[in-house]
Amino acid sequence: MAHHGDGATVRALLDEQGRTYAEEAGIRLKDTPQPLYELLVLAQLLSARIRAGVAVAAARALFDAGLRDARRMRDADWQQRVDALGEGGYRRYDERTSTQLGDAAGLVLDRYGGDLRTLREKAGGDVDQARSLLQEVPGVGPAGSDIFLREAQGVWPEFAPYLDRKALDGAERLGLPTDPGELAGLVRADELPALAAALVRAALDRDVAEAVHDHEETADEPQGGSR
């Protein structure tokens, strides 16, 4: 159950961490083929046991290398993908990930014509079906499908509110409700992806929760000064 003060906590959280992972990677997310594919790539990279900042930097490096759609990713040389991943600091998994990126791009082209909106249509509004279809993409397991849908819910609203176990762990750490509907009720619909990303950061980093509470305390302090 939401309590008095939960709204203030959420506002402080969004002030501190209210940026989606897609935004960090330079993706201007819209319901069009290229940004949806870029989000899929980011979800693949974030799925590995590697720091989120490294995954985001690797995604930026791939996009800067021109690998922004499934056809270019599939047709790129394997070494070209490895080099871009390395430039982003994604070295521990670069060779395996390069292969997965090529295989995943091939699947997206063969099955969906390079357009993930076809996956959305195939899911028919069923979030479990969407998760299942996403997990058929090489390199996208349960964690990757969660990442994709947390971010995509802003443009695929039939799957909202998408607040998975990791996001709810962050809510618990912050003392917020752990019911997705109650959490969603604390923000505007267009803020849900940012809320989900911020909650995940709170789950992964205890310092985020402390910074949010410090922000709340500062906001509550009376403003001094003389006239």
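Me: What makes two aromatic rings a pair here?
Reply: Rings of Phe, Tyr and Trp (its six-membered ring) pair if their centres lie within 6.5 Å; planes under 30 degrees apart count as stacked, over 60 as edge-to-face and the rest as tilted. By that rule, a search of the whole structure finds three aromatic pairs.

Me: Why is the pair of Tyr 90 and Tyr 93 called tilted?
Reply: The ring centres of Tyr 90 and Tyr 93 are 6.4 Å apart and the planes stand at 55 degrees, so the pair is tilted. Tyr 90 and Tyr 93 are both buried, where buried means under 20% relative accessible area, exposed over 50%, and partly exposed in between (1.4 Å probe, protein chains only). An aromatic cluster is formed by Phe 148, Trp 156 and Phe 159.

Me: What kind of model is this, and which residues count?
Reply: The model is predicted: local features need pLDDT of at least 70, side-chain atom pairs count only at pLDDT 80 or more, and totals for chains, interfaces and linings use all residues. Residues are numbered from 1 along each chain as its sequence is written, and side-chain values use heavy atoms, with hydrogens and water left out.

Me: What makes a set of residues a nonpolar core, and which members touch the most others in the largest one?
Reply: A nonpolar core is a set of buried Ala, Val, Leu, Ile, Met, Phe, Trp, Tyr and Cys residues joined through side-chain atoms within 4.5 Å. The largest has 76 residues, and Leu 62, Phe 148 and Leu 199 touch the most other members. Contact means heavy atoms within 4.5 Å; beyond four places in sequence, Leu 199 has contacts that include Leu 13, Leu 163, Lys 166 and Leu 183.

Me: How do you know that helix H10 is mostly covered?
Reply: Nine of the 11 residues of H10 (142-152) are buried, among them Phe 148, Leu 149 and Arg 150. The cover includes helices H2 (21-24), H3 (33-47), H9 (127-134), H11 (165-173) and H13 (192-204). Helices (H or I, at least four residues) and strands (E, at least two) are DSSP runs, numbered from the N terminus.

Me: Why is Arg 81 said to have no salt bridge?
Reply: A salt bridge is a side-chain nitrogen of Lys or Arg within 4 Å of a carboxyl oxygen of Asp or Glu. For Arg 81, which is buried, the nearest side chain of opposite charge is Asp 103, at 6.5 Å. Lys and Arg count as positive and Asp and Glu as negative, while His and the chain ends are not counted. Arg 81 lies in helix H6 (residues 78-87), and its side chain reaches the backbone oxygen of Met 73 at 2.8 Å.

Me: What makes the approach of Glu 24 to Arg 201 a polar contact?
Reply: A polar contact is a pair of N or O atoms within 3.5 Å; within protein, one must be able to donate a hydrogen and the other to accept it, and residues adjacent in sequence count only if both atoms are side-chain atoms. The side chains of Glu 24 and Arg 201 make such a contact at 3.1 Å. Glu 24 sits in helix H2.
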